[in-house]
Amino acid sequence: MGHRRNIYFYHHLDQDTLAKVGNLDEYAEKYGLTIVNDHRDANIIASIGDDGTFLQAVRKTGFRDDVLYGGITTKDSLSMYCDFKISDSSKMVEAVSSEQLKVRRYPFIEVSVDGQGTFPCLNEFSIRSSIIKTLELDVFINDLHFETFRGDGLIVATPTGSTAYNKSVNGAVVDPLISCMQISEVASINNNKYRTLGAPFVIGGERSLTIKVISTEGNEHPTMGLDNEAISIRHVEKIQIKLSDKKIKTLKLKDNSFWEKVKRTFL
């Protein structure tokens, strides 16, 4: 990892955060790293904040697969994407320099909405009704019409995203070594007239998912989320989702695996 010497810090510009990152320049120079002001010049990108900040850092820097991402939390405890604390930020800089780190690779999904661009997601894509009315969706796995969904919405999560919104609706926690997508329901309707699977399901990375919005009054403009950002496209007809061929690389300490993170966070 010795060739990775340029580091870019992504963080919010509020006074509280700026005060906390004040010593990072000193630590970086002490261990032979160069802080750059443009992420395009970096080969290490470190977010400073929380998991939401990490997701923003990855999104704002273009889901690069040629850099290492790392998370530094400004809170008292570590989290799913933040392996380091701002109170001990020298630990990250020192670890990068002394080869104490491993690299973990996280899959992400790519979402296409009516051909209006491809949007990557590290955690999940979600679609919900924008009005007080059930959403009606035709769900296809590859070319197979799997079900017609009626309810509040659907979540399509990556393995790392399985611990976030997906888990809150009783989805399974999935090992990121498994290349897959998990689809979970939000308040589905199941009765004698309407029927869905009624349980989360996982599809392999070679499969694709297509969601077609059934056109009814008010139904064609759902609320869609890409990780922790909303996307506003009116009159949505078809959403296509697949696992990306790329993965982002993140820094991790040798004693901090995904399952150690899960245990620390939830148990």
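This is a predicted model: local features need pLDDT of at least 70, side-chain atom pairs count only at pLDDT 80 or more; totals for chains, interfaces and linings use all residues.
**Entry 1: the cavity**

I looked up the largest cavity first, and its volume is about 30 Å³. A cavity here is a set of points on a 1 Å grid over the protein atoms alone, where a 1.4 Å probe fits but cannot get out. The volume is the space filled by probe spheres set on those points, with points joined across faces, edges and corners. The structure holds 1 cavity of 30 Å³ or more.

Residues are numbered from 1 along each chain as its sequence is written, and side-chain values use heavy atoms, with hydrogens and water left out.

Which residues line the largest cavity? I found M80, Y81, Y106, T160, F258 and K261. A lining residue has an atom within 4 Å of a point. By type, I wrote down 4 nonpolar, 1 polar and 1 charged. For those labels, Ala, Val, Leu, Ile, Met, Phe, Trp, Tyr, Cys and Pro count as nonpolar, Asp, Glu, Lys and Arg as charged, and the others, Gly among them, as polar.

**Entry 2: the pocket**

Next I went to the largest pocket, with a volume of about 230 Å³. A pocket is an open set of points with protein on both sides within 12 Å along at least five of seven lines. I got 13 lining residues, and R104, D175, P176, L177 and F258 lie nearest the centre. The lining splits into 6 nonpolar, 1 polar and 6 charged residues.

Which element gives the largest share of this lining? That is strand 6, with 5 residues. Strand 6 (101-113), strand 16 (238-253) and helix 6 (258-266) each supply at least two. Helices (H or I, at least four residues) and strands (E, at least two) are DSSP runs, numbered from the N terminus.

**Entry 3: salt bridges**

I counted 8 salt bridges, each one a side-chain nitrogen of Lys or Arg within 4 Å of a carboxyl oxygen of Asp or Glu.

K261, already on my cavity list, forms a salt bridge with D83, and the closest N and O atoms are 3.1 Å apart. The pair links distant parts of the chain, 178 residues apart: K261 is in helix 6, and D83 is in the loop between strand 4 (68-73) and strand 5 (84-85). Buried or exposed, I wondered about K261? K261 is buried, at 0% relative accessible area, and D83 is buried too, at 3%. Buried means under 20%, exposed over 50%, and partly exposed in between (1.4 Å probe, protein chains only). I also saw that D83, R104 and K261 are linked in a network of salt bridges.

I then checked E229 and K60, whose side chains meet in a salt bridge at 3.5 Å, N to O. E229 sits in strand 15 (residues 229-231) and K60 in helix 3 (residues 51-60), 169 residues apart. I have E229 as partly exposed at 24% relative accessibility, and K60 as partly exposed at 47%.

**Entry 4: a surface patch**

Last, I found L144, F146 and L197 in a nonpolar patch on the surface, with about 280 Å² of accessible area together. Such a patch takes residues with over 30% relative accessible area and no salt bridge, joining nonpolar side chains (Val, Leu, Ile, Met, Phe, Trp, Tyr) within 5 Å. The areas come from the Shrake-Rupley method with a 1.4 Å probe. F146 is in strand 10 (residues 144-157) and counts as partly exposed at 34% relative accessibility.

Terms used
Patches are made of residues with over 30% relative accessible area and no salt bridge: like charges are joined within 9 Å, nonpolar side chains (Val, Leu, Ile, Met, Phe, Trp, Tyr) within 5 Å.
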